[in-house]
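Please look over the sequence and the model shown here before reading on. The notes that follow are grouped by topic, beginning with a term that some of them rely on.

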Amino acid sequence: MLPANLASVATGCVLSWSSPTLPKIEAVGERIHVSKEEGAWLSSLVALGAIFGPFIAGLVIDKIGRKWTIIADMFLYLLSWFLLAYCSMIYLLYVGRIVAGFAVGAVFTAVPMYIAEISPVGFYSQNF
């Protein structure tokens, strides 16, 4: 259950990253400065990456299983956070956000399957 919870928290961090960060990096004098248009791209590229995540995750789930797919997705999150933290070129920030979106799409595919797989059969029907 821990991988599913960590993946959900990481997904929340990815989806909410742009709200507090964009005003800071759009300000003049920061290490990296982005325009309003570039900031809009940084916010929306997660959705572009999330389009492709479920397709690849479906193939990977069949090969290595649900739990290991979620764990592998955590490495994609780490890669995206590394790119966002240490890269100063806007195009590498774009790549980081696309990779994060890819991981979001994969997590939204793998986590529900994993939870359904580990849940006890008939638990809800017996308790309600």
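A residue counts as exposed when its relative accessible area is over 50% and as buried when that area is under 20%, with partly exposed in between. The model described here is a predicted one.

**Aromatic pairs**

- The structure holds two aromatic pairs, and in one of them the rings of Phe82 and Tyr86 have centres 5.2 Å apart and planes at 45 degrees, so this pair is tilted.
- Both Phe82 and Tyr86 belong to helix α4, where they are four residues apart, about one turn of the helix.
- Tyr86 is exposed because its relative accessibility is 62%, whereas Phe82, at 46%, is partly exposed.
- Tyr91 and Tyr94 make an edge-to-face pair, with 5.9 Å from centre to centre and 80 degrees between the planes.
- These two tyrosines, Tyr91 and Tyr94, are three residues apart in helix α5, so about one helical turn separates them.
- Tyr91 counts as exposed at 59% relative accessibility, while Tyr94 is buried, with a relative accessible area of 14%.

**Nonpolar cores**

- The largest nonpolar core has 15 residues, of which Ala7, Val14, Ile70, Tyr77, Val107 and Val111 touch the most other members.
- Helices α1 (2-16), α3 (36-64), α4 (66-86) and α5 (90-118) each supply at least two residues of this core, and α5 gives the most, with seven.
- Beyond its neighbours within four places in sequence, Val111 is in contact with Ala4, Ala7, Ser8 and Ile70.
- Another core, of eleven residues, lies apart from the largest one and includes Trp17, Ile25, Ile90 and Leu93.

Note on methods
Residues numbered from 1 in each chain as written. Predicted model: local features only at pLDDT ≥ 70, side-chain atom pairs only at ≥ 80, totals over all residues. Heavy atoms only, no water. Core = buried A, V, L, I, M, F, W, Y, C linked by side-chain atoms within 4.5 Å. Buried < 20%, exposed > 50% of the residue type's maximum accessible area, 1.4 Å probe, protein only. Contact = heavy atoms within 4.5 Å. Phe/Tyr/Trp six-rings, centres within 6.5 Å; stacked < 30°, edge-to-face > 60°.
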